Structures are given as C-alpha cells and as structure tokens.
Number of protein chains: 2
Amino acid sequence: MTQMEFAKKSKITPEMEYVAKSEGIDVKKLMELLKNGEVVIPANKIHLSKNLKKLVGIGKNLKTKVNVNLGTSYDFVDIEEEKEKLKIAIKYGADTVMDLSTGGDLRKIRKELMEICEIPIGSVPVYEAEFRAAKEKGSIFDLEPDDFIKAIEIHAKDGIDFMTIHAGITLEGIRFMKNQGRTTWIVSRGGGLLAAWMLFHNRENPLLEKFDDILDICRTYDITISLGDALRPGSIADSFDRPQVHELLILGELVDRCRKANVQVMVEGPGHVPLNEIQAQIILQKKITRNAPFYVLGMLPTDIAAGWDHIAGAIGGALAGWFGADMLCYLTPAEHLGLPNVEHVKEGLIAFKIAAHIADIAKGIKSAYEWDLAMSRARYSLDWENQIKLSIDPQKAKQIREERTTKTVACSMCGPFCPMNLIEKFVEDAKRAREEVKIILEKSLKEV
Amino acid sequence: MTQMEFAKKSKITPEMEYVAKSEGIDVKKLMELLKNGEVVIPANKIHLSKNLKKLVGIGKNLKTKVNVNLGTSYDFVDIEEEKEKLKIAIKYGADTVMDLSTGGDLRKIRKELMEICEIPIGSVPVYEAEFRAAKEKGSIFDLEPDDFIKAIEIHAKDGIDFMTIHAGITLEGIRFMKNQGRTTWIVSRGGGLLAAWMLFHNRENPLLEKFDDILDICRTYDITISLGDALRPGSIADSFDRPQVHELLILGELVDRCRKANVQVMVEGPGHVPLNEIQAQIILQKKITRNAPFYVLGMLPTDIAAGWDHIAGAIGGALAGWFGADMLCYLTPAEHLGLPNVEHVKEGLIAFKIAAHIADIAKGIKSAYEWDLAMSRARYSLDWENQIKLSIDPQKAKQIREERTTKTVACSMCGPFCPMNLIEKFVEDAKRAREEVKIILEKSLKEV
C-alpha cells in the first residue's frame with residue numbers, strides 16, 4: 001500500500017509519524033493532508049528498506065523544502081565528484097536530491113549514489129530510456145513506448161523515491177507552442193527529446209498513453225510521481241503563455257488519475273517567471289491541480305544573472321515559497337553555463353535554504369520565527385558563540401568574523417560604537433550608564 | 001537654487017536632462033516629479049563643480065537604485081582598501097555610495113574618497129560630530145546642538161551629496177520603545193549615540209530642534225536630506241512596532257518641512273522585516289511621507305543569514321523594489337560579523353544589482369525587460385559571446401563557462417542533449433531535423 005492508501009484507510013504509518021514529528025504538526029492532520037493528496041511523502045519501499053533515513057513531507061502546512069540536482073553529464077563523468085556533491089547536499093540540509101546523470105554508466109552511478117543517500121532521491125527515467133534506445137536500437141527515434149516503461153521499472157527497482165514524468169506535453173501543446181511564437185521553445189532536456197520523438201513519428205506522448213502502466217509501477221513501490229513541465233517557460237518572456245498553461249491543464253487531469261489510483265503525486269513548475277507573476281502562477285497551479293504539492297525550479301525572475309543564478313533563483317524561490325510552492329529546486333552559480341562543481345552545489349543550496357526559511361517565516365511556520373528570535377537575542381547580548389551557532393552556515397560566519405576581527409566585544413563594523421544593548425542601559429539609568437560607557441566607548445571615541 | 005526649486009519654477013536643468021536621458025523618460029515628466037518631491041537628484045553644487053559625473057534620480061517611475069556603504073572602522077583604518085571598495089562599487093554599477101567611516105582621520109578619508117568619486121556620495125555627519133566632541137570636549141555628552149550643525153557644514157563644504165539626518169527619534173519615540181519591550185532596541189550606530197545623549201540630558205533631539213539650520217545648509221548646497229530611521233527594526237520581531245511607526249510619523253512631518261524649504265528629501269527605511277510585511281511597510285511609508293523617495297536597508301527578511309546576508313537582503317530588496325522602494329542599500333556577506341573587505345563589497349553589490357533589476361522588470365521598466373529578452377535570444381541561438389556579454393557579471397560567467405568547459409556547442413550541463421532550438425527544427429520539418437541531429441545528438445547518445 002502507498003502512504004496515500006494508508007491515509008485513506010486512516011492508518012498511521014511510521015513514515016507519517018516521522019514527518020509529523022519533524023514538522024511539529026499533529027499526525028492525524030498530516031494523514032488528512034496525505035489522504036487529500038495535499039501532502040506527499042516520497043519513499044520508495046526499496047529505499048525505505050535499505051538506507052532512507054531522513055523522510056520528508058512535501059505540501060500544505062509544511063516547511064518549504066529544497067531539492068538539489070546533481071549527476072554526471074556528457075562532458076563531466078566523475079562519480080567521485082557527484083558523491084561529494086551528494087555529501088555536501090546532505091550536510092547543508094537538502095531535503096531531497098535528484099540524480100540527473102546523463103554521462104557514463106547511468107545505472108552504476110545511480111546505485112553508487114543511492115548507497116550513501118539517506119534522503120529521498122528522484123530521477124528522470126526518460127533520459128535512460130533514450131540513451132538505451134540509442135545504444136541498443138541505434139536511434140532514439142526507434143524508441144517504443146514500452147521502452148519508457150522499462151526504464152521506469154529499473155529506476156523503481158533501484159529504489160528511486162520520486163520520478164519526473166513528462167506526461168503533460170501533447171501534440172496539441174506543441175501546436176500551441178508553434179502558434180505562440182515562443183522565445184525559447186523547449187528548455188527541458190527530457191521534454192525536448194520526447195517532443196522530437198513525438199514530432200518525428202507524429203504520435204502522441206508515450207508517457208501519457210502508457211500512464212496506467214506507470215501508475216501500476218508507482219503504486220507497487222510507492223513512488224511519488226513528479227509530473228514534469230516540459231513546456232515550462234525558459235525565459236521570462238514566455239511565462240504564462242498558452243503552451244505552458246495547456247500543459248498544466250493536462251497535468252491537472254493526471255493528478256486526478258494518480259489520486260484515484262492511490263499514487264502520490266506532485267506537480268513541477270517553472271522556471272523563468274517575472275516577480276510580479278509568481279503569485280498568479282501558484283494560484284493557477286493550485287486550482288488546476290486541486291492543491292497538488294507544487295515543486296518549482298527557482299522560480300527565476302530574470303534571465304540575465306548567469307554566474308549568479310543562485311541569487312536570482314533564491315529571490316524567486318522565497319516569493320514562490322511564501323505564496324505556496326512546497327518544494328524549491330535550487331539553482332547554482334553554474335546554471336546556464338555548465339555542470340556545477342561541488343562548491344557551486346554548496347552555494348546554490350545555501351541560497352535556497354535561506355529562501356525557504358524566509359518563506360517559512362512569511363508563511364507563519366512557528367519554528368522558523370523562533371530561530372530568528374533566538375538569533376536576535378544572541379545578537380543583542382553580543383553572544384558570539386550562539387550567533388555563530390545559529391547562523392545558516394556557521395563555518396562561513398566564523399570565517400568572516402575571524403578574518404575581519406575586532407579588538408572589542410562587538411564586531412569590526414561598529415567596534416566600540418556598537419549600539420546593541422547600549423540604549424536599554426541609558427533608559428534604565430542614564431547617569432550610571434554614562435559611567436559604564438566611559439571606559440570603552442568614550443575612550444575609543446577619543447582614539448579615532 | 002536647488003533642483004526642486006528649479007522644477008517648481010519650471011526650469012529644466014542639465015542635471016534633469018542627464019537623468020531623464022539615462023532613465024529614458026520625458027524631462028518634463030521628471031521635472032513634475034522633482035517638483036512634487038517624488039524624485040530627488042542628489043548633487044551637491046560643490047561636488048557637481050568638481051567630479052560628479054554620473055548623476056542619478058531616485059524615486060517614482062525611475063529604475064531601482066543601489067547604494068554601497070563603505071568606510072573605515074575602529075578596527076580597520078586602511079584608506080587604500082576603502083578606495084579599492086569605491087572603485088569596485090563604481091565598476092559594478094553602484095548608483096550611489098556612502099562613506100560611513102568611523103576610524104582614522106574622517107575628513108582626510110572623505111576627501112581622498114571624493115577625489116575619485118564620480119557618483120553621488122552620502123554620509124552621516126553625526127558620527128563626526130560625536131568623535132570631535134569626544135576629542136575636543138572630552139565627552140560626547142558635552143556635545144552641544146550646534147556641534148551637529150558644524151559637522152553638517154563641514155560635510156556640505158566637502159561636497160557630500162546626501163546626508164543621513166536622524167531627526168525623527170524623539171523622547172516620545174524612546175518612550176514608545178521602552179514600553180514596547182523591543183528585541184533589539186536601537187541598531188542604528190548614529191541613532192544609538194544620539195539617543196544616549198538625549199537620555200543623559202533628558203533633552204529633545206538636537207537635529208530636530210535645529211532642523212531649520214540644517215535646511216538652510218542643505219538648500220545652499222542642494223544637499224538631499226536622507227531622513228534616517230534610528231528606530232528601525234533590527235530584528236524581524238521588531239518590524240512595525242510602535243517606536244518604528246512613531247518615528248515614521250515625525251519623518252513625515254519633516255518631509256513637509258523640507259519640501260516647503262525647497263530642500264530635496266528622501267526617507268530611510270528598514271531593515272529587518274519579514275517578507276510578508278514588506279509591501280505594507282512601503283505602503284505606509286509612501287502614505288505618511290506623501291510619496292517621498294524611499295531608501296531602504298535591504299530589506300532583510302530573516303535574522304539568521306550571517307555570512308550570506310547579501311542573499312537574504314537581495315530577496316527582501318527585490319520585493320521592496322517591486323513594491324515601490326526607490327533605492328536599496330546593499331548588504332554584504334560580512335553584515336552582522338565585521339567590516340566588509342573588497343570582495344564582500346563586490347558580492348553584496350552584484351546581489352543587489354540583480355535584486356534591483358528583478359524589481360525593475362516587475363515594475364514594468366521597459367529597458368530591463370529588453371535586456372532579458374536579448375539574453376534569452378542569445379541563449380536560444382547558443383550565441384555564447386553575447387550570453388557572456390549580457391550577463392550581470394560577464395567576468396564571472398566567462399570564468400565558470402571556462403572552468404566547466406564542454407566539447408560541444410552547448411554547455412557542459414546538457415552537452416549534445418541541449419534542447420535549445422532543437423524543437424523548432426522538428427516542428428518545421430521533422431524528417432530533415434532528424435538527419436541533422438543524427439550527426440551530433442544521436443552519435444553522442446550512443447557514446448554515453
């Protein structure tokens with residue numbers, strides 16, 4: 001049975017208990033959300049039986065989650081580097097990762113990563129289907145619909161917890177795109193090759209045609225389907241155009257089918273969206289999909305931040321999270337330029353952890369607010385040990401503080417003129433406070 | 001005459017023409033905005049007569065501006081480092097800078113910086129007043145109200161274009177703070193020492209008492225007053241509390257007085273504000289001050305991002321800019337930890353340039369949208385030269401692309417499987433497209 005099926009039968013599972021505890025919400029409430037499909041817990045039974053330790057819930061009333069993409073490419077096939085990325089991702093608090101490898105022995109890489117992956121892991125099986133077809137049949141255009149199903153089955157058996165399934169792109173969607181006159185057409189790697197196949201054969205999307213088979217596999221292993229958005233806008237000019245919205249309509253119908261089949265499902269979203277359209281994107285997605293958990297890429301509110309896309313993406317991500325996106329896929333400084341290295345992964349993840357936390361405060365998540373309050377109290381009392389400890393990245397905070405050191409009890413920005421907890425003393429007893437500050441403050445003022 | 005006075009007399013100045021041209025708006029419209037005080041052009045006549053080359057307008061209908069703080073501190077007095085920061089700030093597109101030096105010979109530092117400062121520069125004269133009093137009179141508590149005026153006069157003569165004047169903190173505001181039970185009381189360095197003075201003497205704010213004298217000086221040199229917010233929230237818990245709002249009410253009255261005296265004025269704002277309160281902060285400020293240009297610090301929507309506060313601040317800044325903040329004061333990775341070094345300044349500035357640009361797109365600034373469109377077109381046609389050129393930081397984009405190089409015409413993320421401009425070919429003629437992709441795409445697929 002899937003978590004959704006258990007929930008429908010009002011049976012509380014250990015996975016629900018784990019998530020309820022880590023979110024600080026009532027397990028019965030969580031069960032209701034799972035039942036309605038407003039929350040998913042991606043946990044393949046195979047992975048769960050092996051080393052999936054840190055479960056996450058994604059969806060309504062829960063903390064905003066962050067996903068880290070990693071994996072080899074045609075140009076960089078270095079499995080040790082990818083393992084390093086995974087370790088860094090886990091260390092810095094990624095909620096989930098996706099193995100998007102497209103170079104080397106894909107299955108071997110996946111298995112090696114999964115051996116050290118204690119958090120939910122996702123994949124895009126369509127890549128592997130295409131590469132296998134090219135190798136075994138000589139061409140991706142010789143792919144048969146069943147080949148996609150075979151790839152999904154392999155990933156299922158390997159223990160993948162959630163899979164991107166681009167079942168929403170149809171010939172009608174492509175027609176909308178053609179008539180629209182898009183700026184960047186298709187920017188989804190899996191979706192692009194799929195569309196090429198559809199256009200070459202003038203055939204409907206095989207993932208859509210075989211969707212019942214996919215549901216069977218996902219139900220068996222309790223894999224969460226992550227409905228991919230092959231027609232997501234790849235430039236802000238394309239945000240909310242007709243092909244994007246048409247695909248969303250199909251995804252909405254597929255959400256209904258997943259839920260009916262007791263298969264957990266979330267929906268992927270953009271991508272390049274100007275800041276002033278982010279809220280509308282989320283409202284529309286939530287309505288069309290009847291509140292399916294929303295997993296967005298960024299969102300990225302400008303096209304020009306190459307080299308710093310993690311920052312642009314964190315801006316869009318914070319807003320998206322506040323308005324109801326449930327999981328943010330991170331971006332790294334290498335986005336639009338190349339495959340990220342380990343340092344890029346770390347920088348991208350931290351930027352998005354900050355974005356998710358900012359969203360959580362805005363959403364009213366109590367523990368997020370309390371973290372900030374504890375930090376501000378440490379700051380007010382010049383308690384540097386706790387300030388470092390409570391920072392999003394204690395190592396970096398410590399390093400900057402040590403590099404830019406101070407002779408005073410404050411920091412090297414204000415030094416003896418630090419206003420922290422100065423005024424409270426003056427409000428209490430100004431004469432006494434003046435005597436107190438004479439020693440440090442006034443002496444320093446004279447030195448300047 | 002000040003720019004405002006010229007505008008009131010319907011006289012177009014060269015400064016108005018410069019700004020109108022750089023903003024791409026009609027100069028008569030700009031004049032109207034200046035007349036109403038909805039836009040300011042900070043340009044001290046002294047600086048203008050020397051080396052102020054790059055003028056900026058700040059306010060309604062204009063691009064969102066970014067300010068860079070720099071200057072020495074008690075712990076770091078290295079004038080060469082500060083000059084480097086200024087050069088980096090100008091190179092990476094800071095609209096204005098502020099010299100907040102509090103270490104070394106403040107006037108000498110200011111003069112050396114101004115020699116190479118071709119953009120508007122601001123300062124906080126209250127620091128210098130306090131340090132002078134400590135040195136010359138033995139204590140900041142021996143400061144007389146006239147000492148503040150003297151410091152302002154010195155800065156005016158040195159050519160400072162805009163000055164932070166903390167005239168809005170009153171004994172009544174401090175009473176509100178005391179009763180409120182704030183988390184971080186006062187976090188403004190200038191405001192903190194001022195409040196200590198007021199409490200010690202139980203006297204009203206000397207900057208408020210002497211405000212007419214300040215207006216006289218600022219009118220003479222056409223200095224833009226930047227009304228400081230000494231009681232800004234220093235933690236998200238303090239956002240929108242009574243002392244903050246009380247100070248804003250006083251600032252609103254002072255805006256009226258400035259405009260009546262033909263002195264250009266903008267208003268400073270927070271600071272630590274949760275994401276969901278940013279819009280309300282801006283609506284309130286704009287109403288209370290009758291649409292004075294709003295110059296915010298961040299805003300910073302979390303307290304816990306020490307080491308990465310430039311990213312947290314860029315998130316708040318983008319939102320603030322979209323909702324109507326006219327200038328964003330940047331934050332660096334060293335915020336809350338120490339005085340930034342040159343690299344921190346660069347990182348902070350780029351983060352905020354991205355935030356301002358994202359805000360400009362959302363605000364409907366045409367040139368901002370067109371920049372993105374040009375980038376996406378270059379991206380779609382795999383024109384790497386223009387992609388690098390159109391990046392916010394071409395040097396960084398180039399460096400990442402070279403470090404994570406590819407054997408293909410795309411990038412090392414997708415390599416031969418890059419979906420860019422693949423589908424348009426298939427839509428046009430799928431059979432021919434297949435022949436085309438055989439050479440690269442299919443060959444590569446087999447290699448994986």
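I began with helix H14(B), whose buried residues pack against helix H13 (242-260), strand E8 (265-269), strand E9 (294-297) and helix H15 (309-323) of chain B. Helices here are DSSP runs of H or I with at least four residues, strands are runs of E with at least two, and both are numbered from the N terminus. I note that this is a predicted model, in which local features need pLDDT of at least 70 and side-chain atom pairs count only at pLDDT 80 or more, while totals for chains, interfaces and linings use all residues. Residues are numbered from 1 along each chain as its sequence is written, chains are lettered from A in the order in which they are written, and side-chain values use heavy atoms, with hydrogens and water left out.

I then listed the buried residues of H14 (residues 278-288), which are Ile278(B), Gln281(B), Ile282(B), Gln285(B) and Lys286(B); buried means under 20% relative accessible area with a 1.4 Å probe, protein chains only. Seen down the axis of H14(B), these residues fall within an arc of 120 degrees, taken from the directions from the helix axis to the C-beta atoms, so they line one face of the helix. After H14(B) comes Arg290(B), and I found its phi to be positive, near 50 degrees.

Next I looked at strand E4 (residues 96-99) of chain B, where Thr96(B) and Met98(B) point one way, Val97(B) and Asp99(B) point the other way, and all are buried. In a regular strand the side chains alternate between the two faces of the sheet. Four bridges join strand E3 (residues 65-70) to E4(B), and the two run parallel; strands pair if DSSP finds at least two bridges between them. Asn67(B) has Thr96(B) as its bridge partner in E4(B). On the other pairing, three bridges join E4(B) to strand E5 (residues 121-123) of chain B, again in parallel, and Val97(B) stands opposite Ile121(B).

I turned to the nonpolar core, a set of buried Ala, Val, Leu, Ile, Met, Phe, Trp, Tyr and Cys residues joined through side-chain atoms within 4.5 Å. Of the 285 residues in the largest one, Ile225(A) and Ile225(B) touch the most other members. Helix H16 (residues 342-363) of chain A gives the largest share of this core, eleven residues.

Last, I compared the chains, superposing by least squares on the C-alpha atoms of residues with pLDDT of at least 70 in both. Chain A can be laid on chain B with an RMSD of 0.0 Å by a turn of 180 degrees and a shift of 0.0 Å along the axis. That is the relation of a two-fold axis. Ile315(A) comes closest to the rotation axis of the residues of chain A, at 2.3 Å (C-alpha).

Key
Buried < 20%, exposed > 50% of the residue type's maximum accessible area, 1.4 Å probe, protein only. Contact = heavy atoms within 4.5 Å.
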